[in-house]
Amino acid sequence: MLFRVFLMGPLIGFVPIVALLLGINNVIVPYDTLILSVVLFVVIPLILGIVSRHYIIKTKGINYFKEIFLKKFDKITIAGLLLTLTIIFSFQGRKIIDNPMDILLISIPLTIQTFFIFFFAYGWAKIWKLPHEIASPAGMIGASNFFELAVAVAISLFGLNSGATLATVVGVLVEVPVMLILVNISNRTRGYFIENCKEEKIIKI
């Protein structure tokens, strides 16, 4: 239940938070555009994932889902991500090279923000005595900035060569290595959650 709260929080809060931040900077984006973007790029894929997961597990079992079905998409997801990044950077590459200081100024607060949110959620999960398999995804989801969604919205509203698109592209550029670092930190600190796992097993017994 707590994990679902962690998961739904960023999703529900995305539209009002983005609208607020855009309003502060005098950038007006209609609510229906923001909501449509969330529905198309987050809600629909999430629902399809949930439905397909339940259907496959029910018909073929959890082992088939984990060992066969998911592995079929490993290369496809990597290829899709690389293709998306290639297309985006091919349009923004010159701006990135010509504006290194702007890239740096965008990158620093994004990096600090991502680390702060992750450790806040990760530490809170430890205080709540949640097991590592819940604490780690909760921290990752909290630290995620939905830059893929932001890129799609920026391109649709302002065009491929806009400053807004550049900022979101830098977000993707920063988020990938930062999230990999956080995954490494999560794996290395797994031992701090062993006690939590033991307590959970005792409660279940």
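1. Overall make-up. The protein chain has nine helices and zero strands, where helices (H or I, at least four residues) and strands (E, at least two) are DSSP runs numbered from the N terminus. Read from the N terminus, the order is therefore α-α-α-α-α-α-α-α-α. Please keep in mind that this is a predicted model, in which local features need pLDDT of at least 70 and side-chain atom pairs count only at pLDDT 80 or more, while totals for chains, interfaces and linings use all residues. Residues are numbered from 1 along each chain as its sequence is written, and side-chain values use heavy atoms, with hydrogens and water left out.

2. Of the 205 residues in the protein chain, 29% are buried; buried means under 20% relative accessible area, exposed over 50%, and partly exposed in between (1.4 Å probe, protein chains only). Taking contacts (heavy atoms within 4.5 Å) between residues at least 6 apart in sequence, 74% join residues at least 24 apart.

3. The main core. The largest nonpolar core has 24 residues, and Phe 118 and Leu 182 touch the most other members. Such a core is a set of buried Ala, Val, Leu, Ile, Met, Phe, Trp, Tyr and Cys residues joined through side-chain atoms within 4.5 Å. At least two of its residues come from each of α4 (74-98), α5 (100-127), α6 (132-143), α7 (147-158) and α8 (163-188). Helix α8 gives the largest share, eight residues. Setting aside neighbours within four places in sequence, Leu 182 contacts Thr 114, Phe 115, Phe 118, Met 140 and Ala 143.

4. Ile 35 lies in helix α2 and is partly exposed, with a relative accessible area of 43%.

5. Where α2 meets α3. The axes of helix α2 (residues 31-60) and helix α3 (residues 62-69) come within 6 Å and cross at roughly 115 degrees. Axes here are lines fitted to C-alpha atoms, for helices over the stretch in contact, with angles running from 0 to 180 degrees between N-to-C directions. On the α2 side are Arg 53, Ile 56, Ile 57 and Lys 60, which meet Ile 62, Tyr 64, Phe 65 and Phe 69 of α3. By class, this contact has six nonpolar, no polar and two charged residues; Ala, Val, Leu, Ile, Met, Phe, Trp, Tyr, Cys and Pro count as nonpolar, Asp, Glu, Lys and Arg as charged, and the others, Gly among them, as polar.

6. Ser 107. This residue sits in helix α5 and counts as buried, at 14% relative accessibility. The side chain of Ser 107 reaches the backbone oxygen of Ile 103 at 2.6 Å. Leaving aside neighbours within four places in sequence, Ser 107 contacts Val 170 and Val 174.

7. The salt bridge. How many salt bridges does the structure hold? There is one, a salt bridge being a side-chain nitrogen of Lys or Arg within 4 Å of a carboxyl oxygen of Asp or Glu. Glu 67 pairs with Lys 71, with the closest N and O atoms 3.3 Å apart.

8. A backbone point. Lys 129 has a positive phi of about 60 degrees although it is not a glycine. Most residues other than glycine have a negative phi. Lys 129 is in the loop between α5 and α6.

Technical notes: A polar contact is a pair of N or O atoms within 3.5 Å; within protein, one must be able to donate a hydrogen and the other to accept it, and residues adjacent in sequence count only if both atoms are side-chain atoms.
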